[in-house]
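Please read it alongside the sequence and the coordinates.

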Amino acid sequence: MRTAVVLPALNEAHVIARVVGAAKRRAEVDAVYLVDDGSTDGTARVARRAGARVIVHPHNRGVGAALRTGFRAAAGAGFDTIVVMGADDQDNAGEIPRLLAKLDAGYDFVQGSRWLAQGRVVNIPLFRRVTTIVYSIIFTVLTGHRITDGTNGFRAFRTRVLRGIALDQGWLDTYELEPYLYWHVIRRGYRVGEAPVTKRYPRSGRYTKMKPFRDWWRILRPLILLTLRLRR
C-alpha cells in the first residue's frame, strides 16, 4: 500500500515541524500532506521546510474543508491509503502501524480509539473524557455498530471508500465531515474496526479550537440528520 498522511492545520507553527517530521520518519508513510486552513502564523512555511506537501487555503474554511482538500490531493496522486492525524501534536505517529495492520488484515476503515484496552490518554480534561464517551454511545445506538471513540481524529482508511460519498457539500466544511464519513462507511457495508492509540493533551493552555456547545452540536448534527433522512 502507498500511504499518505493528511494533516489539517490552523495556526500550528509551534509544533508542526515535529508532527510532520514524526510522520515522515515512519517507513510506512510515503508522503505527508499538510492542508493549511488559513493560518496566520507561518504554519505552511514551517511545514514545507519539514518536508510536507503543503496546500494552502487563502482563508479559514473549517477542518472538514481542509480534510476534503487533503483527501482529494492524496487520492488524485494515486495513494491507496490515507492516515489522518491532528496537526496539534496530540497523536503519536509511532502508532500508525497499529492502524495500518488492521487494514492489512482486511479492514477498510480503522478508527483510532483511546478507550480500547491498549489505548491511552494523557492529561485528558474531564469535560473531554465525558463528552467523547457519551458521543460514542450515541453513535453506537444510531448506527447499530459498536464503537468506543467516535470523535478521535486519528484514523486510517483505504482511499476507495471515498468513492460515492458526497463529501463535497458546504454543510460539511467544519466538524460535520468526519462523523458523516464514518457513518457512511459503516452503512455502506465496509469492514470497519478500531485500533488502540494514545491521545495527549497539553498540561496547560488551550487543548482544542472547538467551541464547546456550537462545535459539539456540529459533530452531533450529521447523526441526527442522517438518522432522520433529512440529509444523504
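## Basis

This is a predicted model, in which local features need pLDDT of at least 70 and side-chain atom pairs count only at pLDDT 80 or more, while totals for chains, interfaces and linings use all residues. Residues are numbered from 1 along each chain as its sequence is written, and side-chain values use heavy atoms, with hydrogens and water left out.

## Strand 5

Buried means under 20% relative accessible area, with a 1.4 Å probe and protein chains only. Strands are DSSP runs of E with at least two residues, and helices are runs of H or I with at least four, both numbered from the N terminus. One side of strand 5 carries Phe109, Gln111 and Ser113, the other Val110 and Gly112, and both faces are covered.

Two strands pair if DSSP finds at least two bridges between them. Strand 5 runs antiparallel to strand 7 (residues 155–158), with 3 bridges, and parallel to strand 8 (residues 192–196), with 5 bridges. Valine 110 stands opposite alanine 156 in strand 7, and its bridge partner in strand 8 is glycine 193.

## Nonpolar cores

A nonpolar core is a set of buried Ala, Val, Leu, Ile, Met, Phe, Trp, Tyr and Cys residues joined through side-chain atoms within 4.5 Å. The largest has 36 residues, of which Phe71, Ile82, Phe157, Leu167, Leu181, Tyr182 and Val185 touch the most other members. Elements giving two or more residues to this core include strand 1 (3–9), strand 2 (31–37) and helix 3 (63–76). Helix 6 gives the most, with 7 residues.

Not counting residues up to four places away in sequence, leucine 181 touches Phe71, Phe109, Phe157, Leu162, Ile165 and Leu167 (contact means heavy atoms within 4.5 Å). A second, separate core of 28 residues includes Val20, Ala23, Ile96 and Leu103.

## Second largest pocket

On a 1 Å grid over the protein atoms alone, a pocket is an open set of points where a 1.4 Å probe fits, with protein on both sides within 12 Å along at least five of seven lines; lining residues have an atom within 4 Å of a point. The second largest pocket has a volume of about 160 Å³, the space filled by probe spheres set on the points.

Among its lining residues are Leu142, Trp183, His184, Arg187 and Arg232. Helix 6 (177–187) and helix 7 (212–227) each supply at least two lining residues, and helix 6 gives the most, with 3.

Terms used: Buried means under 20% relative accessible area, exposed over 50%, partly exposed in between (1.4 Å probe, protein chains only).
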